[in-house]
Amino acid sequence: MKLGQYNKLTINRFVDFGAYLIDDNGDEVLLPKRYLTGDEELDDNIEVFVYNDSENRPVATTEHPHATVGQFCLLRVKAVNAIGAFLDWGLVAKDLLVPFREQRVRMQAGRSYIVYVYLDTSSNRIVASAKLDKFLGKTRPNYYHRQKVDVLIVQQLEIGYRVIVDGKFWGIIYNNEFYHTVNIGEHHMGFIKQIRDDGKIDVTLAKIEKMRIDDVAYTIMDYLKENNGSMSLNDKSSPDDILRTFNCSKKDFKKALGLLYKQQKVILGDIVTLIKK
């Protein structure tokens, strides 16, 4: 039974206040009655999240926390007391503690912070840390060019955004590497540009060119259909107008128009016209 993770367990017995679930080793955990629908039967398999209650006893829930052990996540501080800050974890009966020793700056109620969720082996409690460097870059990254990765947006810099790549490494996305707004705490699909000598990773949110061009072409077609089959934007339009309308670079816009022209879907000119078939 993994604490701080989802577990597939079996209903072993019912009691007035819920049901006891059992794992393959014979260990039991309580699923409180409020999480039972009334349709469950003995020996049913059920997926639950297992965590510690306020008395450090394992308990199960069918709720879904915002993050499990081993994950980074943006969480909001609900309260601060003498031992640390308590974050909204997404569970009704449990907030997530960030002890003062695990805070980079003193956390404030109402603000949100990127934290790492982990199991403190000394206390066997699930806690969180805002000292992210401790949990990143333990090995040298081994990616190939343009490999698809998960990107968590962590911090805005003058040159772009600091990100966490696949929950393992620090990376940078420069301002010219994406054409849409991103927000701290969001996950995006990214692609590896290069790995620097110091192990830092340059990432882009721009898709591989063919994928990008196909996406822009689909968007242009939708725009034409919604605007009576024509538009005044063309290959001579300003990059700003193109970016505002289609969320892409002028280079990709021109290539997408060329693709649609070759596919005999549009007529090019000062006014781009949809060919109706």
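Predicted model: local features only at pLDDT ≥ 70, side-chain atom pairs only at ≥ 80, totals over all residues.
Trainee: How many residues does helix H3 have, and what length does it reach?

Mentor: H3 runs over residues 250-262, which makes 13 residues. The expected span of a helix is 1.5 Å times one less than its number of residues. For H3 the expected figure is 18 Å, and the distance from its first C-alpha to its last is close to that, at 18 Å.

Trainee: Why do the buried residues of H3 line one face of the helix?

Mentor: Buried means under 20% relative accessible area, exposed over 50%, and partly exposed in between (1.4 Å probe, protein chains only). In H3 the buried residues are Asp252, Phe253, Ala256, Leu257 and Leu260. They line one face because, seen down the axis of H3, they fall within an arc of 140 degrees, the arc being that of the directions from the helix axis to the C-beta atoms.

Trainee: Which exposed residues sit on the face turned away, and what covers the buried residues?

Mentor: The face of H3 turned away from its buried side carries Lys251 and Lys262, both exposed. The cover over the buried residues includes helix H1 (209-226), strand E16 (230-231), helix H2 (239-246), strand E17 (266-267) and strand E18 (272-274).

Trainee: Is Arg212 buried or exposed, and which residues does it touch?

Mentor: Arg212 has its place in helix H1. Its relative accessibility is 18%, so Arg212 counts as buried. Contact means heavy atoms within 4.5 Å. Not counting residues up to four places away in sequence, Arg212 touches Arg146, Ala206, Lys207 and Asp252.

Trainee: Which residues have the most contacts inside the largest nonpolar core?

Mentor: A nonpolar core is a set of buried Ala, Val, Leu, Ile, Met, Phe, Trp, Tyr and Cys residues joined through side-chain atoms within 4.5 Å. The largest one has 34 residues, and its largest share, five residues, comes from strand E4 (residues 45-52). Apart from it lies another core, of 18 residues, among them Val216, Ile220, Met221 and Leu224. In the largest core, the residues with the most contacts are Leu21, Leu87, Met107 and Val115.

Trainee: How many salt bridges are there?

Mentor: A salt bridge is a side-chain nitrogen of Lys or Arg within 4 Å of a carboxyl oxygen of Asp or Glu. One of them joins Lys236 and Asp235, with the closest N and O atoms 3.8 Å apart. Salt bridges that share partners also join Asp53, Glu55 and Arg57 into one network. By this rule the count comes to 12.

Trainee: How many residues apart are Glu28 and Arg13?

Mentor: The side chains of Glu28 and Arg13 meet in a salt bridge at 3.0 Å, N to O. This pair links distant parts of the chain, with Glu28 in strand E3 (residues 28-32) and Arg13 in strand E1 (residues 6-15), and the separation is 15 residues.

Trainee: What is the phi of Asn228, and where is this residue found?

Mentor: Asn228 is found in the loop between H1 and E16. Asn228 is exposed, with a relative accessible area of 75%. Its phi is positive in a residue other than glycine, with a value near 60 degrees.

Definitions and conventions: Residues numbered from 1 in each chain as written. Heavy atoms only, no water. Helix = DSSP H or I, 4+ residues; strand = E, 2+ residues; numbered from the N terminus.
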